[in-house]
Amino acid sequence: MVCPISGSFASIMAALPSTLVSPTRDFVENSKVLVVGAGGIGCELLKNLVLTNFKYIEVIDLDTIDVSNLNRQFLFQKQHVGKSKAQVAKESALRFNPDCNIIAYHDSITNPDYGVNFFKKFTLVLNALDNRAARNHVNRMCLAADVPLVESGTAGYLGQVTVIKKGLTECYECEPKPPQKTYPGCTIRNTPSEPIHCIVWAKYLFNQLFGEEDADQDVSPDTEDPELAGEAGERAVQQEAGENAIGGGIQRTSTRAWAVSTGYDAAKLFHKLFHDDVKYLLSMEKLWQKRRPPTPLDWNNLPEENGTAETDSNTRIQDQQLWSIRRCAAVFRDSIEQLKEQLAARGDGAELVWDKDDEASMDFVTCAANIRAHIFGIPTKTRFDIKSMAGNIIPAIATTNAVIAGLIVMEALKILSGNINKCKTVFLNRQPNPRKKLLVPCKLVPPNPKCYVCSAKPEVSVQLNINTVTVKTLEDKIIKGQFGMVAPDVEIDDGKGTILISSEEGETEANNSKHLSEFGIRSGSRLRADDFLQNYELVINVIHVDQLEEDKEFEVVGQMPEPGPQPDTPQPSTSTNGPTEPQPGTSKDVEEEDLMIIEDEEEDKAPSSKATTGVKRKTSDSSDQPVTKKVRTAAAEVAEEDDIIPL
């Protein structure tokens with residue numbers, strides 16, 4: 001833990017800057033560095049920077065300190081819980097070197113206050129982020145400001161550091177990242193077969209009851225399931241129309257409205273979700289011809305089995321115990337009461353946001369997921385396991401963060417000394433490679449000429465149905481979700497400059513519910529999207545298709561580089577509720593904390609190239625160099641230095 005510096009340690013620290021020879025020492029002392037993120041990697045990085053005698057450092061992080069951070073983020077102590085990570089990291093780092101000038105921002109790097117001019121004042125930007133969206137944004141801002149960026153990430157024992165420089169190397173988005181794993185709505189709502197399906201359902205339920213309602217996250221039985229062809233589906237629909245209720249006289253209104261009308265009564269919620277809805281699913285007989293049918297539960301007659309044995313419960317910490325269904329029901333009831341109080345405290349119209357670190361939110365998802373899993377014959381999970389899956393976490397390891405932070409500083413020193421051509425992408429492996437090296441340096445890859453972020457004229461083609469996709473879907477899921485823009489303006493390239501989406505609040509809100517075809521958009525139409533904050537423009541070619549595979553709303557085609565082979569092999573399903581025929585397993589898709597997405601998040605982004613495409617707002621005339629992106633395979637691109645990193 002951090003403590004006042006004195007005695008021999010202080011003298012050692014004072015000698016560290018002298019290990020750097022001039023002019024590198026001068027470059028270090030006179031450079032201005034931005035550190036984005038003050039978490040696992042960020043804490044180690046700040047400590048390294050002040051010990052290397054970087055004098056001018058600015059650090060930004062939106063998060064506050066949680067007790068779970070203390071096992072690896074060593075600039076924080078117990079008394080800091082709840083405080084700003086950036087501010088506490090600054091105060092702790094200054095203890096190592098009081099002569100440093102550190103400015104801390106408790107804010108999001110995507111805030112419009114941190115525009116291109118903000119980035120231009122730095123000599124170097126060092127990323128220590130844990131999500132793809134922020135990485136995309138910083139990538140684009142550094143491209144727009146023409147400032148070198150050192151990107152990094154860790155996942156358990158694995159780590160990676162690379163350098164991004166406009167026109168010289170590939171940018172963060174040159175190589176497409178695997179999208180976050182998604183699951184068909186009918187699987188989540190009707191036929192779950194794995195624990196992750198139940199966890200996703202439980203998170204959807206949280207939003208339906210307490211958060212922002214989304215029609216795509218409905219948790220009620222889906223009568224439009226593709227498997228419900230013919231008479232089976234028709235009977236289910238007729239039953240719903242005839243009764244207009246699910247047993248117990250529960251009207252089929254929105255889940256939130258009904259829950260409010262019951263006063264968030266836990267017993268009634270349980271009865272609807274885990275008894276009446278399940279019985280309704282059983283009426284869809286075709287679904288259960290090749291599957292184990294679900295078993296409805298009775299609130300007043302719950303089974304006690306499936307929990308951690310009494311003799312074993314005392315030897316396990318709370319989160320690693322496997323709760324019985326009866327205990328799940330009790331915690332389900334208590335968590336609903338706590339969440340109801342949180343919601344009421346925020347006033348009318350308020351919404352809660354699910355947070356893995358909020359006890360009541362985590363308890364609710366754990367219990368709802370396990371109860372549903374039990375109903376469908378799926379193995380239940382501990383709270384610890386569910387937190388990892390629901391929060392998309394791979395546990396971070398302090399030593400990995402420390403190694404990666406050290407490598408970041410090494411690459412930064414090369415850049416500052418004018419030797420960016422000697423920079424490498426360095427991979428930290430779990431086990432030594434055939435040459436017995438844990439650290440494997442690779443040559444930096446040049447830019448990809450087809451990158452929709454850093455190429456001279458960013459352009460991409462998107463397949464969608466112009467008759468069903470709304471302007472709101474275009475903005476949220478395609479422009480912001482897929483291409484990572486923050487505040488986009490979109491106009492139709494029809495010679496009239498028709499504005500489809502405006503970054504000015506309320507200006508084009510009336511367009512949100514309209515379909516693209518209502519604006520004369522057809523197959524072959526071109527849309528010009530411009531994010532003034534990111535200094536980024538993108539031309540989107542619309543390709544109309546009546547229907548895409550797997551019920552996708554859209555698909556990016558053509559101008560994006562092909563994704564490389566994925567290193568991870570899907571794990572076979574351990575479910576007992578799948579069809580009787582062999583089915584492909586579904587691996588857990590998690591976005592690691594402090595991980596450079598290869599994502600759930602990942603993953604998620606937008607670029608910062610400076611092509612002038614005649615969009616509503618003008619950008620600079622400078623253009624990026626072409627970017628050629630190659631997928632790394634095994635040791636094919638390992639540098640000639642025989643896998644040795646000069647230390």
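Student: On a 1 Å grid over the protein atoms alone, a cavity is a set of points where a 1.4 Å probe fits but cannot get out, and its lining residues have an atom within 4 Å of a point. Which residues line the largest cavity?

Tutor: Arg-189, Trp-201, Val-219, Pro-221, Leu-273, Asp-277, Leu-281 and Arg-372 line the largest cavity. This is a predicted model, in which local features need pLDDT of at least 70, side-chain atom pairs count only at pLDDT 80 or more, and totals for chains, interfaces and linings use all residues. Residues are numbered from 1 along each chain as its sequence is written, and side-chain values use heavy atoms, with hydrogens and water left out.

Student: What volume does the largest cavity have?

Tutor: About 40 Å³, where volume is the space filled by probe spheres set on the grid points.

Student: Which helix gives the most to the lining?

Tutor: Helix H11 does, with three residues. Helices (H or I, at least four residues) and strands (E, at least two) are DSSP runs, numbered from the N terminus.

Student: Changing topic to aromatics. How many aromatic pairs are there?

Tutor: The structure holds 17 aromatic pairs. Rings of Phe, Tyr and Trp (its six-membered ring) pair if their centres lie within 6.5 Å, and planes under 30 degrees apart count as stacked, over 60 as edge-to-face and the rest as tilted. Tyr-105 and Tyr-114 make an edge-to-face pair, with 5.6 Å between centres and 75° between planes.

Student: Is Tyr-114 buried or exposed?

Tutor: Tyr-114 is buried, because its relative accessibility is 8%. Buried means under 20% relative accessible area, exposed over 50%, and partly exposed in between (1.4 Å probe, protein chains only). Tyr-105 is buried too, at 18%.

Student: What about Phe-270 and Phe-332?

Tutor: Phe-270 and Phe-332 also form an edge-to-face pair, at 6.4 Å centre to centre with 70° between the planes. Phe-270 lies in H11 (residues 266-282) and Phe-332 in helix H13 (residues 325-345), so the pair ties together parts 62 residues apart in sequence. Phe-270 is buried at 0% relative accessibility, and Phe-332 is buried at 0% as well.

Student: Which residues form an aromatic cluster?

Tutor: Trp-201, Phe-206, Phe-210, Tyr-264, Phe-270, Phe-274, Trp-299, Phe-332 and Phe-364 form one cluster. Trp-201 is also among the residues lining the largest cavity.

Student: On to the sheets. In what order do the eight strands run?

Tutor: The open sheet has the order S3-S2-S1-S4-S5-S6-S9-S10, with mixed pairing. Two strands pair if DSSP finds at least two bridges between them.

Student: Why is one side of S3 left without a neighbour in the sheet?

Tutor: S3 (101-105) stands at an edge with a single partner strand, as does S10 (439-443), so one side of each has no neighbour in the sheet. From one strand to the next, the twist averages 15°.

Student: How do S1 and S2 pair?

Tutor: S1 and S2 pair in the parallel sense over five bridges, with Leu-34 opposite Glu-58 in S2. Four of the five residues of S2 are buried, so S2 is largely enclosed by the rest of the structure.

Student: And S1 with S4?

Tutor: S1 and S4 run parallel and are joined by four bridges. Val-33 stands opposite Leu-124 in S4.

Student: Which way do the S4 residues point?

Tutor: Leu-124 and Leu-126 point one way, Val-125 and Asn-127 the other, and all are buried. S4 (residues 124-127) also pairs with S5 (residues 149-155), parallel, over two bridges. In S5, Leu-149 is the bridge partner of Val-125, and Val-150 is that of Leu-126.

Student: Which strands does helix H6 lie across?

Tutor: H6 (residues 132-145) lies across S1 (32-36), S4, S5 and S6 (158-164), at about 165° to S5. Axes are lines fitted to C-alpha atoms, for helices over the stretch in contact, and angles run from 0 to 180 degrees between N-to-C directions.

Student: Where is Asp-107?

Tutor: Asp-107 is in the loop between S3 and helix H5 (116-120). Leaving aside neighbours within four places in sequence, Asp-107 is in contact (heavy atoms within 4.5 Å) with Ile-60, Asp-61, Leu-62 and Tyr-114.

Student: What order does the sheet of six strands have?

Tutor: That open sheet runs S13-S12-S14-S15-S11-S16, with mixed pairing. Its edge strands are S13 (498-501) and S16 (554-557).

Methods: On a 1 Å grid over the protein atoms alone, a cavity is a set of points where a 1.4 Å probe fits but cannot get out, and a pocket is an open set with protein on both sides within 12 Å along at least five of seven lines; lining residues have an atom within 4 Å of a point.
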